[in-house]
Amino acid sequence: MKRFLLLLLLGCTAPALTLAQTPRTDVPKLQVSVKRITQDALYMYEVDANGTVQAPLPTVWRILTGYDRMEEFVPDLVSCRVLSRNGNEVIIEQFGTARFLFMSRSIHLIVRATEQPMSSIDIDLISGDMKHYESRWELVPVPETGGTRVIYTGRMMPNFYVPGILGTNIIRGDIERMMGAVLARLDKGGTSKVPGPATELARSHVAGATAP
């Protein structure tokens, strides 16, 4: 379920989950908050994460909107492809693998990404393996360094069982790994997969994630 969140997080994002892994501690200036909330009679997870990279805003934007290449650096994301584009609206299909404890399952999502160039990407679920999913990537230039602050927020609830408090801790760890992988990719500028788990109830937006 962890990698399941990561897929979600990226808006092409869809996810996977592991309890045995511990959150990354080597990612500087990364903050992650996950809360279990109630909305419309549903229990869901509210995610707020942010981190800063040295990469300039145009580079960050190019990578985060390169949906067809997400599987190159998002673990457990099998494929992510653009189905259609109409102005600033992009319809994306994703296939991935979600893992929880000793179980695994295939994940399929179709999401809508609404882009505000060089500023934000809003993601909402069209169909797939989530009861609820919404997220937002926001990019803020850092004039002092020439880098970019990357902010991810979201609310998500898979359509399969996730344990309450335990689920919150798992998702938090997964978001930390996912964001660490994304930030590393943004600074690297290459196309290789980032080693190690990187998804929200993405390998736990999602993340994620993604979820989220």
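Q: Which ring does the charged end of R36 sit over?
A: That of Y43, with the charged end 4.2 Å from the ring centre. A charge sits over a ring if NZ of Lys or CZ of Arg is within 6 Å of the ring centre and within 35 degrees of the ring normal. This is a predicted model, where local features need pLDDT of at least 70, side-chain atom pairs count only at pLDDT 80 or more, and totals for chains, interfaces and linings use all residues. Residues are numbered from 1 along each chain as its sequence is written, and side-chain values use heavy atoms, leaving out hydrogens and water.

Q: What about V34, buried or exposed?
A: V34 counts as buried because its relative accessibility is 4% (buried is under 20% relative accessible area, exposed over 50%, partly exposed in between, with a 1.4 Å probe and protein chains only).

Q: And what does V34 touch?
A: Leaving aside residues up to four places away in sequence, V34 touches Y45, E46, V47, T168, I171, R172 and I175; contact means heavy atoms within 4.5 Å. V34 and T168 are 134 residues apart in sequence, yet their C-alpha atoms are 6.3 Å apart.

Q: Which rings, and why is the pair tilted?
A: W137 and Y152: the centres are 5.0 Å apart and the planes are at 50 degrees, so the pair is tilted.

Q: How buried is W137?
A: Its relative accessible area is 2%; for Y152 the value is 0%.

Methods:
Rings of Phe, Tyr and Trp (its six-membered ring) pair if their centres lie within 6.5 Å; planes under 30 degrees apart count as stacked, over 60 as edge-to-face and the rest as tilted.
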